[in-house]
Amino acid sequence: MESLEVLRAQKGIEVEATSTFRVHQMTMNMERNSMQDVRVRRAVDALINRQEIVDTILLGYGEAAKGPFLPSLPFAPSFEPGPSGEAAAVQYLNEAGYSLQDGVMQKNGKPLQLVLLTYSARADLPLIAQVFQSDAKRIGVAVEIRQIDTPEDYMASNRDWDLATYSNLTAPRGDAGYYLNATYHPDGALNFSGAEQPELTAIIDKLNQTVGAEERAALAEQAASYVHEQMINSFILHPSTIVAYNSEKVKNWVTTRSEYYMITNELDVQE
């Protein structure tokens with residue numbers, strides 16, 4: 001981010017940014033005892049200061065997320081803003097049986113301690129983890145950050161963690177099917193949360209058997225609403241794609257929301 005102004009100052013360099021189909025999310029490991037309580041998961045969600053993260057870590061190059069899909073997509077639900085902030089998080093934890101004693105959030109004498117995975121392949125994720133750790137500390141929740149190299153391999157093979165910052169494309173082809181199947185179906189390759197809710201699985205199975213665009217959008221919206229209601233994962237932000245190129249040499253470049261289709265038959269590089 002710091003080099004953007006340097007790039008803009010160079011002759012012939014164009015810098016463009018656009019919203020993307022990518023989302024940075026907080027993956028919840030629902031196989032861990034503490035995370036099996038939806039009120040604890042809602043407390044985690046309430047602690048995430050999305051706009052502050054967008055403004056400070058991404059310097060405004062992003063959009064606070066309300067769900068996995070960009071609000072402009074036809075299958076993105078319109079969520080009513082829920083309670084957020086430290087007070088809301090404490091309230092959720094109180095409802096789950098936790099209380100703050102001597103500066104430590106605990107239940108039955110056992111402190112609430114969370115292990116948060118992150119990885120450096122996307123440089124903003126460790127920073128997001130640090131912000132969350134700091135915010136959680138203020139309400140007496142200890143968060144241990146663990147840096148891992150290959151998140152998919154680690155999360156699939158190890159269940160010794162509670163939360164993970166993770167980034168995923170949710171609609172690379174403008175359709176929700178890939179993300180919902182991979183992330184929330186029991187057989188999904190990216191179902192790191194261990195989600196296995198029959199009601200949600202039934203919605204996804206029906207989506208897989210549906211062809212019509214409107215019907216698919218309605219089912220995808222239903223699935224995303226279920227994920228939000230049960231707080232299976234929490235969604236932080238949609239990062240912008242930032243591109244810098246030499247406009248004197250690169251011709252017909254188009255900065256698109258998809259990360260897969262930027263190289264086209266019209267793109268040309270001239271000497």
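Which helices are included in what covers the buried residues of H8? In this predicted model, the cover includes helix H7 (177-184) and helix H9 (213-230).

## Helix H8

Helix H8 spans residues 198-208, and its buried residues are Leu200, Thr201, Ile203, Ile204 and Leu207. Viewed down the axis of H8, these buried residues fall within an arc of 160 degrees, so they line one face of the helix. An α-helix has 3.6 residues a turn, so residues three or four places apart point the same way.

The face of H8 turned away from the buried side carries Pro198, Glu199 and Lys206, which are exposed. Helices H7 and H9 are among the elements that cover the buried residues.

## Largest cavity

A search of the whole structure finds two cavities of 30 Å³ or more. The largest cavity has a volume of about 50 Å³.

Its lining consists of Val40, Ala43, Val44, Leu47, Leu93, Leu112, Leu114, Ala136 and Val141. Helix H2 (residues 38-47) provides the largest share of this lining, four residues. By residue class, the lining of the largest cavity comprises nine nonpolar residues, no polar and no charged.

## Second largest cavity

The second largest cavity holds about 40 Å³ of space. Met26, Leu47, Ile48, Asn49, Ile53, Ile128, Val131, Phe132, Asp135 and Ile236 line the second largest cavity. Here the largest share of the lining, four residues, comes from helix H5 (residues 124-137).

The lining of the second largest cavity divides into eight nonpolar residues, one polar and one charged.

Conventions
Residues numbered from 1 in each chain as written. Predicted model: local features only at pLDDT ≥ 70, side-chain atom pairs only at ≥ 80, totals over all residues. Heavy atoms only, no water. 1 Å grid on protein atoms, 1.4 Å probe; cavity = no way out; pocket = protein on both sides within 12 Å on 5 of 7 lines; lining within 4 Å. Points joined across faces, edges and corners; volume = space filled by probe spheres on them. Helix = DSSP H or I, 4+ residues; strand = E, 2+ residues; numbered from the N terminus. Nonpolar A, V, L, I, M, F, W, Y, C, P; charged D, E, K, R; others polar. Buried < 20%, exposed > 50% of the residue type's maximum accessible area, 1.4 Å probe, protein only. Arc of directions from axis to C-beta. Contact = heavy atoms within 4.5 Å.
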